[in-house]
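We will walk through it stop by stop.

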Amino acid sequence: MDGLNASKKQRQMDKTINFFSVCSNLIRSTPESTAQDLHFEDFIVPFIFFSLFSSSNAKCEIVVNRKEFIKENQDALNELVKVMGYRFKIREEKLKQKADVSRFLLQPTIKCDYTYISDIDILITEKSIENYYNKIFSTIKLPYSNVKRGDGPLLTGTFCVDTEKYYTQEMKRLMNSFNSNNLQNQRDECVLFDIVSKAHGLPTSSMNEDMQKYRPIHGIHTSLNRPPRAPNYQPDFPSWGLTELNVKQYDKISQSDQFKTIYPFFTDRYKNILNKIR
């Protein structure tokens, strides 16, 4: 009987997680957006690899706004399947909105307990973050774990959701409605705030006061809009948030056989980005 109970408890703990993002190779910036004209497709293969490396319970799904992507990157994708298994999906779809906005308006098709909606330029270095969110969702009433950004109507753009409870019929209706509008001049985090506030309500004040708990970055945000480290004269300057711990985590991953097999398929531009993680 104890063995049966232990097995049942283990199944309850073995939650699955889908790392979901949307990517457009060139994102046209506006005064209201933080995005720039950058080669974001360079981030796709690394994003998939680091996400899947984090856990055997992890899957990954990317929506790409270009039909040629799979054909042009077939060798890299085939190698990903060999090394990490067929645990990812790439959807080539024409986007109605900017990529950063579209990630909040498109529903993932891979069914997992949790969905981690993410910027494409985040490298997951922590192990098994689905266990972290299993604890978080047992303590909050919201179907998502996020915080407000500053005093304005914004939520942070990378966060985890309880998939079934988050993508309700009402949420999907609102997503479709927003997606049919012209949001080209809208900031992505404002769009998220609007839709989530209508469908689920906003984070509590205690959540907003503890970003590290309710909206941590489980790795390294290799944003090309920010330097890897804040300058000494302005320690609060937005940066990649590099810590000694996640640099060590990255170093350990980079020494793995899986990483060494996939690394040659990264673009030279992306390899230059990784060289900054020190």
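A residue counts as buried under 20% relative accessible area, as exposed over 50%, and as partly exposed in between. Please keep in mind along the way that this is a predicted model.

**Stop 1: a loop residue**

Select Gln186, which sits in the loop between α8 and α9. Is Gln186 buried, exposed or partly exposed? Its relative accessibility is 37%, so Gln186 counts as partly exposed. Now show what surrounds this residue: leaving aside residues up to four places away in sequence, Gln186 touches Lys98, Val101 and Val191. Val101 is 85 residues away from Gln186 along the chain, yet their C-alpha atoms are separated by 8.3 Å.

**Stop 2: helix α8**

Next, select residues 169-179, which make up helix α8. Colour Met171, Leu174, Met175, Phe178 and Asn179, which are buried. Turn the view until you look down the axis of α8: these buried residues fall within an arc of 130°, so they line one face of the helix. On the other side of α8 you will find Gln169 and Asn176, both exposed. What covers the buried residues of α8? The cover includes α7 (163-166) and α9.

**Stop 3: α8 against α9**

The crossing in which α8 passes α9 is right-handed. To see the contact itself, show side chains for Met171, Leu174, Met175 and Phe178 of α8, which meet Val191, Asp194, Ile195, Val196, Lys198 and Ala199 of α9. By residue class, this contact of α8 with α9 divides into eight nonpolar, two charged and no polar residues.

**Stop 4: the sheet**

Now hide the helices and look at the strands. Six of them form an open sheet with mixed pairing, in the order β3-β2-β1-β4-β7-β6. Which strands stand at the edges? They are β3 (88-92) and β6 (144-145); each has a single partner strand, so one side of each is left without a neighbour in the sheet.

Select β1 (residues 17-23) together with β2 (residues 58-64): these run parallel and are joined by seven bridges. For one example, pick Ser21, whose bridge partner in β2 is Ile62.

Move along to β4 and β7, which pair in the antiparallel sense over four bridges. Beyond that pair, β6 and β7 also run antiparallel, joined by two bridges.

**Stop 5**

Bring the helices back and select α6 (residues 129-136). This helix lies across β1, β4 (114-117), β6 and β7 (159-162), and runs at about 110° to β4.

Finish at Ser128, in the loop between β5 (122-124) and α6. Check its backbone torsions: Ser128 has a positive phi of about 50° although it is not a glycine. With a relative accessible area of 24%, Ser128 is partly exposed.

How values were computed
Residues are numbered from 1 along each chain as its sequence is written. This is a predicted model: local features need pLDDT of at least 70, side-chain atom pairs count only at pLDDT 80 or more; totals for chains, interfaces and linings use all residues. Side-chain values use heavy atoms; hydrogens and water are left out. Axes are lines fitted to C-alpha atoms, for helices over the stretch in contact, and angles run from 0 to 180 degrees between N-to-C directions. A crossing is left-handed if the near helix is turned anticlockwise from the far one by less than a right angle, and right-handed if clockwise. Contact means heavy atoms within 4.5 Å. Ala, Val, Leu, Ile, Met, Phe, Trp, Tyr, Cys and Pro count as nonpolar, Asp, Glu, Lys and Arg as charged, and the others, Gly among them, as polar. Two strands pair if DSSP finds at least two bridges between them. Buried means under 20% relative accessible area, exposed over 50%, partly exposed in between (1.4 Å probe, protein chains only). The arc is that of the directions from the helix axis to the C-beta atoms.
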